[in-house]
Amino acid sequence: MSARILAFDRVGTVLADSLAAAWRERGGCVVDASVGGGIASALAETTPCGVVLAEPLLDESGFAGQALSAPEAATALADAVHRQTMTFLADCRAAIRTMMPAGRGHILALCIDDYAAKILGLPQTPIANQARAAALKSMAREYGRMGLGFNTFVCQPPREMVEKSAWRTRREQLKVYALRYRPVGVGGYSRFILSTINGDPPANGSVLCLGNGVMEMTA
C-alpha cells in the first residue's frame, strides 16, 4: 500500500478538487478514476492509502414536487437513486478488496448538507447523503476490525461554491445555523478531512458534520 496515493472516483467538484490539491501540496499522488474506467479499474493498478468518493451527482430536488402527483416521476427517482447507490456500493467493495490485505486504509464519502444547499439554490441530495452514511456505518462494523476506516463528511456549502452575493441575500435564512453566519472556505474542510487520513483518529462509521452552527443532518 502506498501512503502517498489517494484515489478519487472523480474530481471536478469544489470539495474533491480542493482535497486533491491539498494532497498534492503535501507531496502525495492523486488518482482520478473517472478517466481510467472507474474505481475498480484504477485500483487494479495501485493500492492507495485512501479512496475518496466525491459528492453525489444526482440532484434530487427536481423530483420533489412531482413525486406524489406523478407516479412515473417517483419511479424515475427511485431508478436513478438505485443506480447511483449501486455504483457507490460497488466502489466501496473494490476499495475494501484492495486495501484489506494491507490491514489499513480509509474510505471517505463527501456530501453537501442538503438543507443549506436548498437555501442557497444548490443541488440537493438528501437520499444519497443518508444512504452513504448508513452504508459506511455498516461497513465500519464489519471491516473496521480489519484496520479499515469508513467516514462520511457532510459539509455546509463552502464559501467558494456560490457567488459572494448569495451569502448576503440569504443571510436571514442562514441564521438557522448561526446568528452571524460565515461560510467556511473549502480549504478548511480539506485540511480537516486530510487530518483524518494522516492522523488516523479513533473515528469509524461516523458522520462528521462540518460547518458553522447547527447542522441539519446529524449522525
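Tutor: A salt bridge here is a side-chain nitrogen of Lys or Arg within 4 Å of a carboxyl oxygen of Asp or Glu. Keep in mind that this is a predicted model.

Student: How many salt bridges does the count come to by this rule?
Tutor: The count is three. One joins the side chains of Asp9 and Arg10, at 3.7 Å from N to O. That falls within the 4 Å limit.

Student: Are Asp9 and Arg10 buried or exposed?
Tutor: Both Asp9 and Arg10 are buried.

Student: Which residue does Glu172 form a salt bridge with?
Tutor: Lys175. Their closest N and O atoms are 3.2 Å apart. Glu172 is exposed, with a relative accessible area of 54%. Lys175 has 34% relative accessibility, so it counts as partly exposed.

Student: And what does the side chain of Glu142 meet in a salt bridge?
Tutor: Arg145, at 3.5 Å from N to O. Glu142 is partly exposed at 37% relative accessibility. Arg145 is exposed at 60%.

Student: Why does Arg145 count as exposed?
Tutor: The cut-off for exposed is over 50% relative accessible area. Arg145 has 60%, so it counts as exposed.

Student: New topic. What is the order of the strands in the sheet?
Tutor: It is an open sheet of six strands, in the order β2-β1-β3-β4-β5-β6. The pairing is parallel.

Student: Which strands stand at the edges?
Tutor: β2 and β6. Each has a single partner strand, so one side of each has no neighbour in the sheet. On average, neighbouring strands are turned by 20 degrees against each other, direction ignored.

Student: How many bridges join β1 to β2?
Tutor: Four, and the two strands run parallel. For Phe8, the bridge partner in β2 is Asp32.

Student: Which strands does α4 lie across?
Tutor: It lies across β3, β4 and β5. Against β4, α4 runs at about 160 degrees. Helix α9 also packs on the sheet, touching β1, β4, β5 and β6. The direction of α9 makes about 155 degrees with that of β4.

Student: Let's do helices. How many residues does α1 have?
Tutor: α1 covers residues 14-25, which is 12 residues. From first C-alpha to last it reaches 17 Å, close to the expected 16 Å. Just after α1 comes Gly27, with a positive phi of about 90 degrees.

Student: Which residues of α1 are buried?
Tutor: Leu15, Ala16, Ser18, Leu19, Ala20, Ala22 and Trp23. These buried residues pack against several elements, including β1, β2 and α9.

Student: What should the 18 residues of α6 span?
Tutor: At 1.5 Å a residue, α6 should span 26 Å. Its end C-alpha atoms are 26 Å apart, so the two agree. The buried residues of α6 include Ala128, Leu136 and Met139. Among the elements that the buried residues of α6 pack against are α4, α5 and β6.

Student: Where is Ala133?
Tutor: Ala133 is in helix α6. At 7% relative accessibility, Ala133 counts as buried.

Student: Last one, rings. How many aromatic pairs does the structure hold?
Tutor: Five. Tyr115 and Tyr177 form an edge-to-face pair, with 6.5 Å centre to centre and 70 degrees between the planes. The pair links distant parts of the chain: Tyr115 is in α5, and Tyr177 is in the loop between α8 and α9, 62 residues apart. Tyr115 is partly exposed at 33%, while Tyr177 is buried at 6%.

Student: And how do Trp167 and Tyr181 pair, stacked or edge-to-face?
Tutor: Stacked. Their centres are 6.1 Å apart, with 20 degrees between the planes. Trp167 lies in α7 and Tyr181 in the loop between α8 and α9, so the pair ties together parts 14 residues apart in sequence. Trp167 is buried, with a relative accessible area of 10%. Tyr181 counts as buried too, at 14%.

Student: Which residues do ring pairs link into a cluster?
Tutor: Tyr115, Trp167, Tyr177 and Tyr181.

Terms used. Residues numbered from 1 in each chain as written. Predicted model: local features only at pLDDT ≥ 70, side-chain atom pairs only at ≥ 80, totals over all residues. Heavy atoms only, no water. Expected span 1.5 Å × (residues − 1). Buried < 20%, exposed > 50% of the residue type's maximum accessible area, 1.4 Å probe, protein only. Contact = heavy atoms within 4.5 Å. Pairing = 2+ DSSP bridges. Axes fitted to C-alpha atoms, helices over the stretch in contact; angles between N-to-C directions. Phe/Tyr/Trp six-rings, centres within 6.5 Å; stacked < 30°, edge-to-face > 60°.
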